[in-house]
Amino acid sequence: MVMHCKTRKLLKRKGYGKMPKGKDKEYVLKTAKEKRVKFIRLWFTDILGFLKSFAITIEELEGALEEGMGFDGSSIEGFARIDESDMVALPDPDTFQLLPWRPREQNTVARMFCDILTPNREPYEGDPRYILKKNLKVAADKGYTFYVGPELEYFYFQDSKSTIPLDRGGYFDLTPLDVASDLRRDTVLTLEEMGIGVEYSHHEVAPSQHEIDLRYTDALTMADNAMTYRLVVKEIALRHNVYATFMPKPIFGENGSGMHTHQSLFKGGKNAFFDKNDKYHLSKVGKHYIAGLLRHAPEITAITNQWINSYKRLVPGYEAPVYLSWAERNRSDLIRIPVYKPGKENATRVEFRSPDPACNPYLAFALMLAAGLEGIEKEYKLPEPIEENVFEMGETERNRRGIKTLPGNLHEALLLTEKSELVRKALGDHIFFSFIKNKKIEWDRYRIHVTDYELDKYLPIL
């Protein structure tokens, strides 16, 4: 769903439009005063992508913009040990936005994303936002700007303790008198109020499953937007007394939720993936980038699909990609080249279909970029596209054509990640080892857990 032009103009007149890029602290201070801001929430994420926040008052804002605000990082997952816990959160002025669901008349609440620094004012290696920035600089040094447009799917349920759906709709269904339509509308309006562009919103394949697609933009802005999006979806749901979840596979036998990520590199204002004379309208850079994603996809899967439950979605037969192949129209492949506007330079992009919406977007975008850049640098050869349904081929045919698969569970994924030089280099040692340690603990806890399936199947017969 595209926001109506009149609605956009109305929101801008009300002062809800996104603050222009490059504004400094004076702009923030002036805007905060005009909008009667009392509290500013400082946002950042831990290594797993959970949004963290603490609030300061307007009286502290100027000092925070200049020097940052100190906090204890020892209890933040993947941050510091208790003997080196002092951290500084430095707000990014470009991310200043009012929170639309908080009071407007007085004691208004705003938010800003923060960069995490050490007490010595050095970027903190455990900050996922910094890791993405570092990888974006690698691309920038090669002349590239990285753009992404994720499609984040999610479910609405009656509460957080059940999977009772709000509707029985299917893909693109219009569900009359359904609360989910109002939920999506209010969510889109709220996102637009916060300056986050929305392209589409619609019902997805599974019952009570929905999708809102964010407008293509640079990867850092998009990672911030994705974090905001997940919070807004949940906030609006709570206001309607329902529950929204980004759990990858909450319902057995139904499609799970993905985060299909459209991406491209631009160089000098031109789409580096585009070649009008190529059969697929793909340049050599574009083909090498896709080859990099295909080759390194298994070893980055532990980050793009980081939960035990993520692998209940990555199974054949539910539109989730499992096989390492690419195509133009085939949605069973890991990578798709959308052909909505064939031959159009700005529309040429790569759709990476395996990530799910419960990942850490900063780390996920960083690793997609690193894999693609590796393909460009080393000129990986792109295999031929697979337009047939890979799932229906059969194992013998897939083996004959050299079509491999993604890891089948978190343990398999971690074994690949642990050996990956690319992942370690892109994430840095701090996050690399902290993430793997965290996920090994999660796997061990799952491995020893006795499930309802085991009790139902084995208790009556053993």
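Is R121 buried, partly exposed or exposed? Select R121 and take a look: R121 is partly exposed, with a relative accessible area of 37% (buried is under 20%, exposed over 50%, partly exposed in between, using a 1.4 Å probe and protein chains only).

Before going on, some ground rules. This is a predicted model, where local features need pLDDT of at least 70, side-chain atom pairs count only at pLDDT 80 or more, and totals for chains, interfaces and linings use all residues. Residues are numbered from 1 along each chain as its sequence is written, and side-chain values use heavy atoms, with hydrogens and water left out.

**Stop 1: two loops.** R121 sits in the loop between β6 (108-117) and α4 (128-141); helices (H or I, at least four residues) and strands (E, at least two) are DSSP runs, numbered from the N terminus. R121 isn't a glycine, yet has a positive phi of about 70°. Most residues other than glycine have a negative phi. Now jump to H281, in the loop between β13 (270-271) and α7 (284-304). H281 has a positive phi too, near 60°, and is partly exposed at 22% relative accessible area.

**Stop 2: α4 on α9.** Show α4 together with α9 (residues 361-377): their axes come within 8 Å and cross at roughly 25°. Axes here are lines fitted to C-alpha atoms, for helices over the stretch in contact, with angles from 0 to 180 degrees between N-to-C directions. That makes α4 roughly parallel to α9 (under 35 degrees; over 145 is roughly antiparallel, 65 to 115 roughly perpendicular and the rest oblique). For the contact (heavy atoms within 4.5 Å), pick out side chains including L132, L136 and A139 of α4, and F365, L369 and L373 of α9. The residues of this contact split into 13 nonpolar, 1 polar and 1 charged (Ala, Val, Leu, Ile, Met, Phe, Trp, Tyr, Cys and Pro count as nonpolar, Asp, Glu, Lys and Arg as charged, the others, Gly among them, as polar).

**Stop 3: the cores.** Go to L265 and I335, the residues with the most contacts inside the largest nonpolar core, which has 95 residues. Such a core is a set of buried Ala, Val, Leu, Ile, Met, Phe, Trp, Tyr and Cys residues joined through side-chain atoms within 4.5 Å. α9 gives the most to this core, with 12 residues. Among the residues L265 touches are L369, L373 and I376, along with F146 and Y289.

**Last stop: zoom out.** The protein chain has 13 helices and 16 strands, and 55% of its 462 residues count as buried.

Note on methods: Lists of a residue's contacts leave out its neighbours within four places in sequence.
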